[in-house]
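Trainee: I have just opened this model and would like to learn how to read it. Could you take me through a few features, one at a time?

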Amino acid sequence: MMIKRLLTGSTLLILCVLFTHALSAQNKTITGKITDSKDGSPVVGASVQAKGSKKGTSTGADGSFSLSVAPEVTTLVVTSVGFDKQEIDISGKGSIELALVASNSALNEVVVVGYGTARRRDLTGAVASVKAKDFNQGAIASPDQLLQNKVPGLEITVNSGQPGAATTIKIRGNNSIRATNNPLYVIDGVPLDGRTARPSLNLGTNGLGFGTTPESNPLLYINPNDIAQIDILKDASSAAIYGSRGANGVIVITTKKGASGPTRMDVNTNWGITGYMKKYPVLSTSEYRDALKANSLTKYDSGSSVDPLKEIAQHTITQNYNISLSGGSETGKFRASLLASSTPGLLKKSQLDKYLGSFTGSYKFLDKRLSLDFGLITGHTTENLVNVSNTAGSQGNLVSAALNWNPTVPFRDKNGLYLLASNATANPIALSDAFNDVAKVNNFLGNISASFKLLDNLEYKFLYAINHGAGQRLTNIEGFLVGFQGLSGQGYAVISDAAITSQTFTHTLNFRTNLNKDLSFEALGGYEYWKSDYSNSNLAATGFNTNLDQKTRISIPYTSIIQNAKTQFPAVAFVDPTTELQSYFARVNFNYLDKFLLTGTFRADGSSKFGINNRYGYYPSVGAKWTVSNEDFMKSSTLFSNLALRVSYGATGNQEFPPGSSQEQFAFPSYNTVGQTIVQNTSLKWETTKSINIGVDFSLVKGRLFGSVDYYHKNTKDILFQASAIQPAPNSIYFINLPANLINSGVELGLGLNAIQQADFSWDVGFNIAYNKNLLKNFFDINTGLPIVIPTGQINGQGVSGTLGQVITNGYPVNEFYLKKFQGFDQNKGQIIAADPTPAGDPNPHVLAGLSNTLRYKKLNLTVNAGGAFGYMIYNNTATSVTNINSLSSGRNVDKNAIASGEAISNGAAASTRFLEKGDYVKLRNATISYNVGNTGKYLKNLNVYVSGTNLFVITGFSGFDPEVNIDKNNNNYPSRSIEYIPYPTGRIITFGLNFTL
Amino acid sequence: MLPLKKISIYAVPFMVLVSACTKLDEKLGNTLTNAQTVNTLGSAGPGLLLNFAYADIAAPFTAQDQVFSLTENVTDESLVPTRGGDWDDNGVWRVLHNHTWNADHGQLLTVFNNLNKLNYDATVVLGFNPSAQQAAEARFLRALACYYLYDLFNQFSVRDPGDNLLNAPKVKTGTEAITYIMTELAAALPNLAAATATSRPTSASQDACRFLLMKCYLNKGAFLNRATPTFDAADMAQVITLGTTIMGNTKYSYTPNYFDNFSVDNGSKSKEAIFAYANTSGVTVNHAPIEGRWNMTLHYNSYGHTGQSIYGNAGWNGFSTISDFYNSFGAVTPTTYNPIDTQIDRRLGGRYYVGSTDISGIRPGFLVGQQYDEKGVARQDRKGNPLSFTPTIASNMIETGTNLEVTGIRVVKYVPDFSDTSGKYYSGPAGNWLMLFRYPDVVLMVAEAKLRSGTDAVGALTLVNGLRTARGAATVATLPLVNTNNVDDPNTLLAERGRELYWESVRRNDLIRFGVFLKPWGLKPTDDPKNLLFPIPNQALSANPNLKQNPGYN
């Protein structure tokens, strides 16, 4: 019966085709061009239909189309995603030109939700979407930077100025008291692992004092130019479909796909140069001389004048070349892209090189009942890292050496050799020269999916994806440097590697129907299996024969001759237990006359990480929406073109903690030993976040002012917590579910304004602001009922070893500063510091804001994006222990503020509230001026040239390099927040670029 | 409306795929489950697990911020003054010497956890069918951990093999605690190997066990009443009996050169090692970071020369001793550089030591006054002032003057490992063995027991004079136990213990047993009775409800 029905359908279709072909002899051909009313740019892929018939086409790369229509057709209907539908009269015309107006309320835009898409007007949850045209411009090293300050409640902090550095991403506040609490990334339906295959490295072991090196960004292999849209699922109604992994929010990345039409090639290129955004305020040479004189320390004046911060910087040209090809027909589309880029960082020798390729295709068979989609992303990245570690003690940080270097001492002697050290400070230029750390990572993300329309309203889809990354890192520190324990006269080398493989299998069934003429229904059911493996190893050695004297250096790195080393540290291998997730999920949507919408989701998630009886967690959510403006009584309203009220409630889970924590394990820790390493807890279960979201979407003044307001309250409980083990025990910690509550609540506002909309001139404004409050409640020990106090936030440097500056404790926000109070100076200008530390402030920003402006005058465009964070404190660890006044008495350079304080130069390094500063800042993230040349000559189309500035300036009272800072100062994997310590400085990047289409 | 039948047809392959689901049993990466450890390692298992427990000794007993700190920096033997930008470290060192610590002190927690890790890992061995000797060694190691926990915190817990680690174990304190340790040691003793002329002191021997038992008998009255210790005659008799047995073992004698007990080749040269932890120069496998013992005290410029890569990198310029303790060696004028050794008591050091003085100029022992390099050229500090260590330390232990790099007498007990002439081990893994139990302590304990029991004061004097003679010091005619009015009175048995065992992590225990831990001494003007015990670290207290905070810390 089914087959018969299929056959009937096919026959009809064939008849239709034949029929239209039969009529084609009498047709007339109409050509035209569709442009964007905003800037006259071509609208690619717009659908052009002859009204009253099924005949249609879509526009090509230059916005043009050609369509043959029956003579009786008088009107064409033009639609395109993101634009209002328009009809145009073609009677008596052979060609037309039409400017589409962007749909202001964006109500029709397609939003990617879990395992499907929805129109924005049908959403009941809090989902923010950012499309390619709204992304941050300028220098973008990784996809997350596209979004900075674009979405209310999404906080993205680049942890380091090193190109390719990891970012700290928090959606609606600090949701975890573990180190790993980044959101889940989903790329074209494939959930990622979140870890990177670039090996981590701690250069603070084996007697070396260089500290832990910053992590890299796990999304480096995703080409920012390939991204069409990013959706951020913020509340339970939208994220619960990802169940276990949605608690920290979900970031869904959709890549660009081919459009039907002739093959087009897009070329984007840019070149840029980097400088300091803001320098750290150390004394200039003349100020330093004055300070030496004032303190009778002129013996330290060597008579020269150097600027170390300038010397460690480079201004090498960044280069970006991106080509994409796309094309296809109604039944087969493809897109391919290639990116080659070289991004030298601000500091000498630091560089990120990327070679990325992607190939996606979408093909339809069996009268479009069967769709086959595939995507292939591969990338090779090379990171040249400099030694700017998170936790270096007194030595081994390039920035620290530059800040401390006596500016009267030249870097080289008269023979051109480095003056290797001066007053216990390493020569920053020599340090840069002697340190070589290169990480190469290959990544591969492949996915293939097949959808089959079982019925017109029932579709089955299967997806398989594999993501593999392999990285090798070669680290060489030459032994000619002097004054470094564990290095000088010996040399030090590490070969480390890491591999990560994750696989996804997903099956979904999608069904939609109209239950009656007023009520439609859609349902989704699915099964997913996800598996991930991770391993790493490293081999370190010291005691080489070469490069121990700067006069006789050879170019062979230690890592190529590691067998030459006298001391081979024990090689270390680590293999994570395999993590498996298995999930069943379902979603139903009801829509009553577009007035009332109801979404319910449910997900059952099983994870191998948990105890045998608690492997499954169940995540329900419900969301409802009342579109008030669709009610009859509102139809006459001239004020509101859209007004909708949303409410959602639901649960999401979290299993981001080390695998293996539920099992007793015996490891092979060192030569000839076996020992127990884990305190097993077989009753471990999911951490759950329950959240409520109430929102209003509105669109005023014919859609010229639009936006959303959301209130949320999130309550995380059964917190996966590394508790102090009950001694005697094989480890100092173990994982439990702590029945505490981590509360995040806040309000978000997103606004858009089409301030001016004229033929030659337009001005659009986007503004968002979010307030979040973070609080830890009921944080008591399960055994004793006593409040738990977790000290964390390492304060590093000489003289402050072992100091911790933050606590995670009951009644405070996560990572509350906990410091001794600074009470001023005594009569001898000595610091007075309280005996005991007390709570001292919140490191979590309370208010985040973003503002974007787009101005167009004819073909000239100006885009300005700014953002800021307010209401939080930063601890300046650099001023505490690197540039403190005492350094002057040892002939090192110091902080201007230390001189200005008038304190005694004998004051030692001590951590206190003196170095706690307000973090509030406003940063001009980027400004771009572009000129849309348009088509030139026969082949060159859509030529666009621009100049763009990234990190142009920051307005702040914070005295360090950049108030947007989060150096990882975790203690025993308890995270830290907002501590600055001799960071890689933020670069100001000016790029010049051009885009065109062939 | 809805062709359910059709759906079911199409849903079949879907359901098949769905039902092909996994059990989600976690597969371990490079570790074993308990059962695998039993099955795959077989008879080798207990030995490997025992090795792991032995390796646990390195962490708590070696570095400068572990047991060493809690037993030396709280006494008259050691302190760490803040020197300008160095060694503030949030005041952790000053509060130890000041006796103003609290239960948040980070060193307390790491020591508590590290000792308990040894306690636990030794217990694990017992669950894997060890041989009688392996079981005895594991019980000895566990008793060692418990002894130190008891000494520092007055309470400890022991788990049974296979315990559910999520349950809070019972806590032993008071008589139960000391009885437990002594019963365990007594049970282990017969199954341990006898120490022979060729046996290595790195495994628990019968003598090591006897040594720890002696400590228990000697300190029992002090453990049970730390404010006013009492000494039971039967306990003292036990100390004497056990000590006499050890002294009867011809394996032990006084090492002719005192510093050979602490040198890079002390593993072969020392005749006094009863229990030790082995290191090998340049080998990092299971290495105890012994190099910290000289780094912590030496100045940056203590060895090497301008232009050499090692120069300016010799030490961390921290740990010092107070002049009163230094003077307890018998009012010696500060040593001056002289190739001819003239000092009386060799333990004071200052003598030419081959392997150190010829390479660096460093003369092991107490470093006072001008320091010289190996050629006799005076060394300078980083400011260009003479590197000349002065006895006086600022009263608040915060040095702010121009001499802040040179205040305080330094102590080089472990002789720096200069065995690699290319200089590669100057700061790397050093080969000195860590001395845990040393023969002279046995002699001094026996002498002390004789004095305390009043049975054989003459014998006690003979033993002490025997030791003094071996060290090149003059004999003494009388030997009072302690002068409660002057902790650093040189003419006491306590002072003799200080001279022999300084910076060997016994001082706090000695001062409590001799009843003078709360007395004022250099840079510690006042005290509080609660300080006789350390507080239970807050994190440990909040994990185990059976632990009770020690009096005075709530």
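Trainee: At what angle do helix 8 and helix 10 of chain B cross?

Mentor: Helices are DSSP runs of H or I with at least four residues, strands are runs of E with at least two, and both are numbered from the N terminus. Axes are lines fitted to C-alpha atoms, for helices over the stretch in contact, and angles run from 0 to 180 degrees between N-to-C directions. Here helix 8 (residues 132–153) and helix 10 of chain B cross at roughly 25 degrees, and their axes come within 11 Å. That makes helix 8 of chain B roughly parallel to helix 10 of chain B (under 35 degrees counts as roughly parallel, over 145 as roughly antiparallel, 65 to 115 as roughly perpendicular, the rest as oblique). Residues in contact (heavy atoms within 4.5 Å) include Phe140(B) and Tyr147(B) of helix 8 and Leu212(B) and Phe223(B) of helix 10. By class, this contact has 11 nonpolar, 1 polar and 2 charged residues. Ala, Val, Leu, Ile, Met, Phe, Trp, Tyr, Cys and Pro count as nonpolar, Asp, Glu, Lys and Arg as charged, and the others, Gly among them, as polar.

Mentor: Before going on, a note on the basis: this is a predicted model, where local features need pLDDT of at least 70 and side-chain atom pairs count only at pLDDT 80 or more, while totals for chains, interfaces and linings use all residues; side-chain values use heavy atoms, leaving out hydrogens and water. Residues are numbered from 1 along each chain as its sequence is written, with chains lettered from A and ligands numbered from 1 in the order in which they are written.

Trainee: How does helix 10 of chain B pack with helix 16 of chain B?

Mentor: Helix 10 (residues 206–224) and helix 16 (residues 439–453) of chain B pack at an angle of about 30 degrees, with their axes 11 Å apart. Helix 10 of chain B is therefore roughly parallel to helix 16 of chain B. Among the residues making the contact are Phe211(B) and Leu218(B) of helix 10 and Val442(B) and Met445(B) of helix 16. The contact divides into 6 nonpolar, no polar and 3 charged residues.

Trainee: Now strands. Which strands are joined by bridges to strand 18 of chain A?

Mentor: Two strands pair if DSSP finds at least two bridges between them. Strand 13 (residues 184–187) of chain A runs parallel to strand 18, joined by 4 bridges, and Ile187(A) stands opposite Ile253(A). Strand 17 (residues 227–233) of chain A runs antiparallel to strand 18, with 6 bridges, and Ile227(A) stands opposite Thr255(A).

Trainee: Why is strand 18 of chain A largely enclosed?

Mentor: Buried means under 20% relative accessible area, exposed over 50%, and partly exposed in between, using a 1.4 Å probe and protein chains only. In strand 18 (residues 250–255) of chain A, 6 of the 6 residues are buried, so the strand is largely enclosed by the rest of the structure. Both faces are covered, with Val250(A), Val252(A) and Thr254(A) on one side and Ile251(A), Ile253(A) and Thr255(A) on the other.

Trainee: Is Thr318(A) buried or exposed?

Mentor: Thr318(A), found in strand 20 (residues 318–328) of chain A, is buried, with a relative accessible area of 8%. Residues that Thr318(A) touches include Trp271(A), Pro344(A) and Thr991(A), not counting residues up to four places away in sequence.
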